[in-house]
Each structure stands twice: as C-alpha cells, then as structure tokens.
Amino acid sequence: MEIHHVTGGIAPSPFAGVGLNVMRAIVGYAGSPITLFREGKRAQAIGLAETRRYTISVPGKLPMRNTHFSLVDVPDLQVLPPEHSTMQSIWMGAGPIPEVLHKMLNWMARMRSTLRLPSFEPLSPLFYRVLNLFKFGEHRGGMFVHVSGAANNKPVEQSWHMLAEGDDGPYIPSMAIEAIIRKIVAGEMPEAGARSATRELELEDYSKLFATRPISMGFRQDQRDELNPFKQVLGSAFNLLPTTLQDFHGSGQKQTWQGQAVVHRGSGLLSKMIGRVFGFPKTNDAANVRVTQIPDENGLSWTRSFDGKEFESFLKVGRGKDSYLLSEQFGPVKVALALVLDEGKLRFVPRRWSIFSIPMPRILLPHGESFEQETDGRFSFDVQISAPVVGHIVSCKGYLEPET
C-alpha cells in the first residue's frame, strides 16, 4: 500500500515506573515546538498539547482500556518519513496513566505555549515523585501503529497492536540488543557507522523474543465492508475459533439454533427484581432453548427463548471509548464486552457499561465467567451474570445445534 498517514503511540503500565531522566525530557519539551511532517512537509506542533484517544487491541486478546495519548518528541517523527515517499503526516504519542495527571500535564503544556513561559524542567523531581506515587490500574502496557493510505486506487487502513503483560513491557527496548547480537552470531553483521536503525530489525526478529514472554502482537485490517460485529471485533482471530463457533457467529443471514440449558436465578431481592425487569429465565434444570439471530446493517438482533419466554438484546461494534469491543444492549442497559480467545474458548469480558447512555462506575460493572466453546462437536455455552452488592443474578449452561 501507499502510506499516507501514520499515527502511533506507546501506553506504559502504571507500575512500570518512570526514570527521573525520562521525566526531565518529557517535562522539558512540554509546551515546546516539535518538528514533524504534515501535509507532506515539515511543520511544527506543541509537545504534549495535542491529544488523541485510541484502544490497543491485539485480535483475540483482552484489549487495553481506551487510552489518552499526547504528542511526544521521538526520533520516529524524523526518521520514518524519508523511508516512505508517499507519507503525508506522522503523529506519535505517549499514554501514561493515571489520566488525571496526564491531562494536568497537557494543560501546563498549553499554558506554557500560550503565555511563553520558561521550561518546566526544574519541576521534574516533583512530577517524578507524584507519578511514581500514584500507581493504579491494569498492570499491562501496549503500543500501536495505525496507517492509512491507498492500494489499487482504493483507500486502505491497517493497524499493528502489541500488548505486554505485567513487568515485561520495559524489557522490549533492550530486546533490540539481543536481536542484533543473534543476527551477528548468525553471520549477519550490521554495516559500520552511525545512522537511522529503521532497517536493522524486522518484526520477525522481535516475535522470536516475544514468544518467551507474555507479549503478543497482531494486525488489524480495514473492515469497513464487514457487517458482522463478531468478525469486526475479533479480526483475524475469528478464523481461529472452533468450527461450531464460526458457524454460530459467522452467518450473514437469519438463523435459529436450539438446545437445552440448566438455568439458576439469584435468590436475593435485588437479583429477583433485575431478573424480572430484563426477562431472564427462571431456574430450570432442563430448559428448552432457542436463539434466533437477525443481522442488519447496524448490527445483530438476538432473541433468546427459554421454554417459550423470550428476551432480546442487540449487538453491534463499539465506537469511541468502546472501540474494539462488542456492545450488547438490553433495553436501557448497554455493556461493552471484550472478546477473548483463550484455549479454544471465546470469553466475554465486561469492560464498560451505561444506563440510558450515561456511563456507570466501573466498580459496579456486572461481571461473571461467561464463555462459549465446542464440546463433543457441538456449540456449548456457560454464562454467569453477577453484580456488586446484588450478587448472583442468573447463570445458564447448555448447548445449541442448528435448527433443522
């Protein structure tokens, strides 16, 4: 493809720690002009004043939460455009958390630029102590590169995503040393002299090193013509699903599956009220189940029937902060679910939720172990829904087969 526009970013784990020298560099250019490429020529922008949001999501893996990125001064802005003659713009950001401190630094950068204040570099020790004191969130980091351009005179978008769990993210930069040494041992000596290193290593060199750690990466292709929400969210991981799961989720036409399930409803007062409002099935050790899927251009309608009693939901691809998540709506309640492929199981992991489009606190997010898998050659499911304070609401475990 012809590369026209590039956007990239790194989101470190909040527990990774930031060195004082790194903090000096970041705070030092906050509010200062940064040279980059825009509209095919060199231009300037204000460091840490420009922001974008993005969700890092390796196909089939638990995505990172939607992250706030700010423009940073990195070598990529200078060394990549000469490698691609068709490149028109490039933007690289960093997404440290907690977000509230990150946004405070954005505000300071804009204030310095507007009021022409001196560098904030003397405040680096203060920022260093504060940022390393407030460590909370998921202990994982990631990186993305999103590219748009053209191929065969048609617009094309592709993105590369990487996730590093736990403490492994900070090791990635130094992995370049091991990769280069391994190439030298194999007889591939690098050329002498100082230069840009953009052509020294390929993804394949890193993938061998990632394989020994909980680090994953993958590509996502432009899917603007794909209407199936499961195929959009899972991307290339959809083809890794067991056959019966592909059959159940992959049809582009109306279909009905039937089977049996064991159902258990919660016994608490709040649990009973919620179950009654949403029409969840009653406790039954052998409920007859029918699931009808009706696709349209906006998503997928599911009608579930347990012994003739129906309840419906609508599924579609999440947007904005719900990017790369499956959005399922039950009446006024909408839950954004991550689709995670784990040892043959397709897990549904709640990540965000809202009522009447009003975002709800994450601490009250409904949860439960819910997954689908292939058992003895047929589609089986195990769904558990609970909520803080409320407790167990409903669980369903059973199997489905195509209705003949």
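# Reading helix faces and strand pairing in a predicted model

Of the 404 residues of the protein, 43% count as buried (under 20% relative accessible area; exposed is over 50%, partly exposed in between, with a 1.4 Å probe and protein chains only). This is a predicted model, in which local features need pLDDT of at least 70 and side-chain atom pairs count only at pLDDT 80 or more, while totals for chains, interfaces and linings use all residues. Residues are numbered from 1 along each chain as its sequence is written, and side-chain values use heavy atoms, with hydrogens and water left out.

Q: How many helices and strands does the secondary structure of the protein come to?
A: Helices (H or I, at least four residues) and strands (E, at least two) are DSSP runs, numbered from the N terminus. Here there are nine helices and 20 strands. The C-alpha atoms fill a box of roughly 75 × 45 × 40 Å along the principal axes.

Q: Which residues of H3 are buried, and which are exposed?
A: An α-helix has 3.6 residues a turn, so residues three or four places apart point the same way. In H3 (residues 99-115), Leu-101, His-102, Leu-105, Asn-106, Met-108, Ala-109 and Arg-112 are buried. Seen down the axis of H3, these buried residues fall within an arc of 165 degrees, so they line one face of the helix (the arc is that of the directions from the helix axis to the C-beta atoms). Val-100, Trp-107, Thr-114 and Leu-115, on the other side of H3, are exposed.

Q: What covers the buried residues of H3?
A: Cover is read from contacts, meaning heavy atoms within 4.5 Å. For H3 the cover includes helix H1 (20-29), strand S3 (41-46), strand S4 (51-54), strand S5 (67-71), strand S6 (89-94) and helix H4 (124-133). Just after H3, Arg-116 takes a positive phi of about 55 degrees.

Q: Where do the buried residues of H6 lie around the axis?
A: The buried residues in H6 (residues 203-210) are Asp-205, Tyr-206, Leu-209 and Phe-210. They cover an arc of only 135 degrees around the axis, which puts them on the same side of H6. The face turned away from that side carries the exposed residues Glu-204 and Lys-208. Among the elements covering the buried residues of H6 are strand S8 (154-165), helix H5 (172-185) and strand S9 (215-221).

Q: Which strand does S11 join by bridges?
A: Two strands pair if DSSP finds at least two bridges between them. Eight bridges join S11 (residues 284-296) to S12, and the two run antiparallel. They form a hairpin with two residues between them. Val-291 has Arg-304 in S12 as its bridge partner. The bridge partner of Arg-304 in S13 is Phe-311. S12 and S13 (residues 309-317) pair in the antiparallel sense over seven bridges. In their hairpin, which has two residues between the strands, Asp-307 takes a positive phi near 55 degrees.

Q: How many residues of S12 are buried?
A: Eight of the eight residues of S12 are buried, so the strand is largely enclosed by the rest of the structure. Gly-299, in S12 (residues 299-306), counts as buried at 4% relative accessibility. Not counting residues up to four places away in sequence, Gly-299 touches Ile-294, Phe-314, Leu-315 and Lys-316.

Q: Is Ser-370 buried or exposed?
A: Ser-370 is buried, with a relative accessible area of 10%, and is found in the loop between strand S17 (358-359) and strand S18 (371-375). A polar atom of the Ser-370 side chain lies 3.2 Å from the backbone nitrogen of Gln-384. Leaving aside neighbours within four places in sequence, the contacts of Ser-370 include Leu-346, Phe-348 and Asp-382.

Technical notes. A polar contact is a pair of N or O atoms within 3.5 Å; within protein, one must be able to donate a hydrogen and the other to accept it, and residues adjacent in sequence count only if both atoms are side-chain atoms.
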